[in-house]
Amino acid sequence: MFLDPESKWAPRLNLFLFLMPALTIYIVFAIYPTFSVVEYSFTDWDGISPKRNFVGLANYERLFTDKIFWAAFRNTFVWSGVIIVINVGLGLVIAAMLARVWKARLLIQTCIVLPVVISPMAVATIWRWMYQPTGVINQVLEGIGLGGLATPWLGSPGAVLYALALAHSWSTIGLSVVIFLAGLQAVDENLYEAAHVDGANAFQSFRYVTLPALRPVTAVVFILTLTQSFKVFDIVWATTQGGPVRFSEILSTYMYKRGALEKQYGYGSAIGVALLVIVSLATVIYMQIQSKEDR
Amino acid sequence: MGRWLLLFVLGVIAILMVSPLILTVFTSFKPTTELVNPPWAPPVSLTFEHYVRVWTEAGFSRYFFNTLVISAVDAVVMIVIASLAAYAMVFMEFRGKLVLRVLFLIGLMIPVTAIVLPLFQIVRGFGLLNTHLGVIFADLALALSVFVFVFSSYFVGVPKELHEAARIDGATEFQIYRRVVMPIAVPAVVTTALLEFLWSWNDLLLRLLLLTRDEMRTLSVGLLNFQGTMTRDVTGLSSGTVIMAIPVVLLFLFFQRHFVRGMTAGAVK
């Protein structure tokens, strides 16, 4: 019997069989490349030739003086900031409203969450079309007498990053709403009862009961939105590729251009490491908050 | 009165949220002559011509099939390997368990975008560039941690007595996994299947890097290229978008509860 439970070797063999499929794939295709990207970042490799030279910190020195990198760095933070304001702020407000409604609640929730499952590539196509100079956004603006605001959104240096952030928020805010809703359902009903007895109006009970009770959930949504928006590549690449000029360049698109397209593997990897460090830090904070929650 | 105002505001938000999708569907069914009408005008006479054109001439039938194969294999294999690993992590005692747990935690932190350059090299090294297998391995590795934790959180809830009883009855580990533990973790199986299928279906970056031959491409890459070459083909782009969105939208509508629970599981506990 190969798997005889009585055998002395059975526990080890079992462990091997249960863990090996997952672990092999995981180490080869996730853990190893994570170390590799750090290693590449200390070399001048072009991604093709068999030879690569160790260049020390040269790529990182270049990073610090690279104006485009800093533009992408700044853009990534602005991009995340806008998305956080929308997904956390508006997400909370929508969830709080939704929690007070019974009629048509599922229908409304479905409409708000539906865009979450749409591929970023499809989101890009839809919004590129809507943002065209003669597209539906500008047509609506003209229709309601705000024609002065109409602009070629994705071609405008001042608007492009915000326009794309809005499109991304459209496709992700449903997730925040759902998480906030789950948090709201955990708020003790008696607290609202007490606030009502004390003569609090709807706004006051939101301000003094809902908000404090939701603080941990808000932190979760905040960090989750932050890490997810830092990782974004698809929607920016599929709409502007970082353009016009560099006005919507973010870290991931810049890394892709330098590394994958221009074959500067060493330098592209240094950008990748920067991204890795930022996202890891945010994730560690996120998990800390969560484990505090669990206790 | 307040209630009705609330309902009205939420109604407006809901309509704004779905309108980009509805406008896209409208456009995809419009004869070219009706494109002069505003985007919010429904098509007067429906035509399937754009769908037929995109499906046959632009290669979307092949992209669709490729995407379906990759996503389905991803989902099924993920269920198997993640649940097996989670079973070992929860029910088996061994040295180095803590190290392994940390290793899986690291996986939750790695942003795919940051490691695509070496990942490309590894896939190329195995000779798996332009194969679906290469994409599948990468997908599985990069999402594995999430689902190991999804399964673990269910397995932890299995009563120890149940597990012990099965062991005393002489059941092998695999029999316990198969007959005792997995039936209890059905919700985790559903969550894993749905989320992994969805992520796989929607991804662009990995497929852009790893699949360069047209006959291997997925919908995401196909749509990107179509957009690049046929920039002005609004109706074609709309129907391509709808083709890409329909399967996941249907899945979502049928399994909304599971989706919502899966998406919030990691976030709120």
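A30(A) has its place in helix α1 of chain A, which covers residues 10-40; helices are DSSP runs of H or I with at least four residues, numbered from the N terminus. This is a predicted model, in which local features need pLDDT of at least 70, side-chain atom pairs count only at pLDDT 80 or more, and totals for chains, interfaces and linings use all residues. Residues are numbered from 1 along each chain as its sequence is written, chains are lettered from A and ligands numbered from 1 in the order in which they are written, and side-chain values use heavy atoms, with hydrogens and water left out.

With a relative accessibility of 2%, A30(A) counts as buried (under 20% relative accessible area, whereas exposed means over 50% and partly exposed lies in between, with a 1.4 Å probe and protein chains only). Apart from neighbours within four places in sequence, A30(A) is in contact with I25(A), and in chain B with I110(B), I115(B), A141(B) and L142(B), where contact means heavy atoms within 4.5 Å.

## An exposed leucine

L149(A) lies in the loop of chain A between α6 (136-143) and α7 (160-185), and its relative accessible area of 51% makes this residue exposed.

## Chain A as a whole

Chain A contains 13 helices and 0 strands. Its radius of gyration, 24 Å, is well over the 19 Å that the globule rule gives for 295 residues, so chain A is more spread out than a compact globule; the radius is taken over C-alpha atoms, and the rule is 2.2 Å times the number of residues to the power 0.38. The C-alpha trace of chain A spans about 70 × 70 × 35 Å along its principal axes, and 55% of the 295 residues count as buried.

How values were computed. Helix = DSSP H or I, 4+ residues; strand = E, 2+ residues; numbered from the N terminus.
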